[in-house]
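Trainee: I have a structure open and have not looked at it before. Can we go through it together?

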Amino acid sequence: MQRDNQRVLVVSNRLPVTLKRAGDSWQSKRTAGGLATAMDPILQKTDGIWIGWSGETSGSNDQKRSAIIKEWAKEHRYFSVDLDAKTAHGFYEGIANQALWPLFHHFPSLLRFDPEHWRSYVRVNETFRDEILKHLRPNDLVWIHDYHFLLLPQLLREALPEVSVGFFLHVPFPSSSVFRILPKREDLLRGMLGADYLGFHTHRYLQNFRTSILRLLGLTSQMDRVDVDRRTVTLDALPIGIAPEQFNDLLLKSPGTRTQLAELKQRFSFCKILLGVDRLDYTKGIPERLRAYRRFLQDSPEWRGKVVLIQVAVPSREKVPKYTRLRKEVDELIGEINGDWSTPNWSPIIYLRRDLPRAELAALYGAADVALVTPLRDGLNLVAKEYVACNSSGDGVLVLSEFAGAAAEMGEALLVNPYDEEGLSQTIKRALTLHEPERRERMMALYRRVHKNNVFAWGQRFIENLSTAVQTRDQQPEDEPVPLNRQRLVSAFTEAQSRLILLDYDGTLAPFSPLPQNAVPTPDLIGLLEVMAQDHRSVIALISGRSKADLEQWFGSIPNLWLAAEHGAVLRSPISKGWEQSHFSSADEWKERVYPILEHFVDRTPGSFIEEKEFSLVWHYRMADLEFGDWLANDLVANLEHMLADSPLKAVKGQKIVEVKLLWANKGRVYSRLQQLDQEFDFIMAAGDDSTDEDLFCQLPKHAWTIHIGRNRSRAKYYLAKPEEMVSLLTELLHSVDQPLVRALTVPSDLKHRNRLLL
Ligand code: ADQ
């Protein structure tokens, strides 16, 4: 829940006001976009502020301009960020609209990425960070909007780690195979992950984001969250709404809108009205729609003279060449269709290429029999909802592209593939002839939903969810290890009289290698363990998932080192050198059942293989495609869990492996066994990196120094980032007891005595 005194700072590319030079004076104009409608009540309620770009790049210091900007701040608490023309161009036309926009909308061939533009994009994100920091107070919630500021959440986090940031992406998040085309893709993902709460319009976009962070950053996530740098980032799908009453009110109460509606109905009383309302953007599918309409006229001569398409298109981004070409293409197509089919009394298309006031739009929505909302790709699409809001009588028909985010929640529309010219032309016909009961049923269901999921509910939910995400982030969960204080550990170690040190090998003392047999210990590591194991005050055990043979080959000759193989299924004492099995095991017939299942996964996953150990079977997929491997691993564990439910076996997902092992073979048992050595340990340290080490961490007494390698969730109390840090810690421990050790090496009888005790 949102706390009472939490102010909201809204950050978007443009403010809801714009500045324009008019001769030697300046004009300030309010833009009534959907976002302003959503943000205004939130800003008023929380006494918040809005930070954005004025859209004007002269940087002029003239008094009239400055006075307007001051007025915005004073009257509305809108704070304008000034950008110089070159930086603004690189940021806005360059990266935002020629790299991110086409790519996020699945138009990779239109991607233009200029490194100089990228530098501008970074600079603008930094400028916004600095502006936010100027205004930020403790407890504030920052809400950043859209693809112009993908780097901003992380920039803020670096400047102020405790900052509370939400980010909402208004455009689609593309599939990972498309997203990976972007240069700087990792920077952009890390930038987004600086937020506490990340919102997308649909689950599909959220899934695409999750796959991208897995493939490109190796981050595994859950449906609704991902852990990054010891923080939890909450993920959500939250489609934006509109303010339906504002449209309805215009139709019911505004004399201007009512007159226009009546005039439209009268003027087109002889025919049906199809309506298109779009920004003039290639993602909106306007030429495709026009071609489908032309085909419809060709194929359905009975409709000629009885239908009209009113296409409203507001020019946008005209400094980008693709947009000027689109404008020309649309002009030409409309010219051709009207030229080919018009009669003295009828034109098939009426084209309004300008920004219409909302009052006029509402009249058009109210008059249209069918709305054609057919983008090739769209984050959501507000026009679809606006049209529905103006159809309280349930008369209209919405034709909606299945590639618009809105399709996910507007299933009662007639869904179309906008690339399928013939299919779209047939759907136009179907929409025009839809029987009244079906028409009403579909429209009323849409109407109810548009009212319920309105933009105010959306804004409120975002803020509440962000607030909850921040509170969750601030509660340190029990399974969150903290950074290890090495100094304290070293002094506890040196002061202790009797120490127990339990070490995992792979991922703890040595980094992973694509092939397990290649992760051979270095001579330095062997040397280090040799010297450590000779300290008469320490008992050291290496507890690994490896086979007896591997451990014996690599560490078997180190005197006084205990070895536990196969996660503790077998233990070798340094004196007898014989392997002792911690549990009587029955025959291996379970392997015959499990092996074919793993084999099936090997067949499906190139690069993966099976390792057979005495007490377990392991499917390794480190060399396979990471995303595919992880996905199949989850599938495999789920299948095996079901199958092994009543058996003494367990399936565990480890570091790029799935292992099926006997339940009793676990690392916790090694500690139980070593406790039987007639010895009181006043220092216990255990280090490990994967889920099998958790069995050990749980088993140890509270005062033990349990260390997880890597910053993941764990039952260990502390963490070190990587195996190199663990090895350097052991070296430090060794140096801290240098003198006593040297003495110990000269007293072999003492060692013999101790080893007798151990057995
Ligand atoms: P847009 O790409 O701008 O928004 P859309 O959702 O359709 O797309 O919103 C367009 C808005 O502009 C509507 O409110 C519409 O009424 C208005 N409009 C369009 N043509 C107009 C005209 N000629 N005159 C006046 N007004 C006009 C981005 C994403 C979308 C996402 C929104 C909100 O690209 O996918 O739905 O943000 O998150």
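Trainee: What does phenylalanine 173 touch?
Mentor: Leaving out residues up to four places away in sequence, phenylalanine 173 touches Phe104, Phe179, Leu189, Met192, Phe200, Tyr205, Asn208, Phe209 and Ser212. A contact here means heavy atoms within 4.5 Å.

Trainee: Which residues have the most contacts inside the largest nonpolar core?
Mentor: Those are Phe104, Leu150, Phe173, Leu198 and Phe209, in a core of 97 residues. A nonpolar core is a set of buried Ala, Val, Leu, Ile, Met, Phe, Trp, Tyr and Cys residues joined through side-chain atoms within 4.5 Å. Buried means under 20% relative accessible area, exposed over 50%, and partly exposed in between, with a 1.4 Å probe and protein chains only.

Trainee: Which helix gives the largest share of this core?
Mentor: Helix H3, residues 85-104, with 10 residues. Another core lies apart from it, with 73 residues, including Leu141 and Val383.

Trainee: Before I go on, where does the model come from?
Mentor: It is a predicted model, where local features need pLDDT of at least 70 and side-chain atom pairs count only at pLDDT 80 or more, while totals for chains, interfaces and linings use all residues. Residues are numbered from 1 along each chain as its sequence is written, and side-chain values use heavy atoms, with hydrogens and water left out.

Trainee: How many helices and strands are there?
Mentor: The protein has 27 helices and 30 strands. These are DSSP runs numbered from the N terminus, with at least four residues for helices (H or I) and at least two for strands (E). Of the 759 residues, 56% count as buried.

Trainee: Now the open sheet of 9 strands. What is its order?
Mentor: The order is E18-E30-E29-E28-E19-E20-E21-E22-E23, with mixed pairing. Strands E18 (482-483) and E23 (579-581) are at the edges with a single partner strand each, so one side of each has no neighbour in the sheet. Two strands pair if DSSP finds at least two bridges between them.

Trainee: In which sense do E21 and E22 pair?
Mentor: Antiparallel, over 3 bridges. Leucine 563 has arginine 572 in E22 as its bridge partner.

Trainee: And histidine 567, buried or exposed?
Mentor: Histidine 567 is buried, at 5% relative accessible area. It sits in the loop between strand E21 (561-565) and strand E22 (570-572). Histidine 567 has a positive phi of about 55°, although it is not a glycine.

Trainee: Where is lysine 656?
Mentor: Lysine 656 is in the loop between strand E26 (649-653) and strand E27 (657-662). The phi of lysine 656 is also positive, near 55°.
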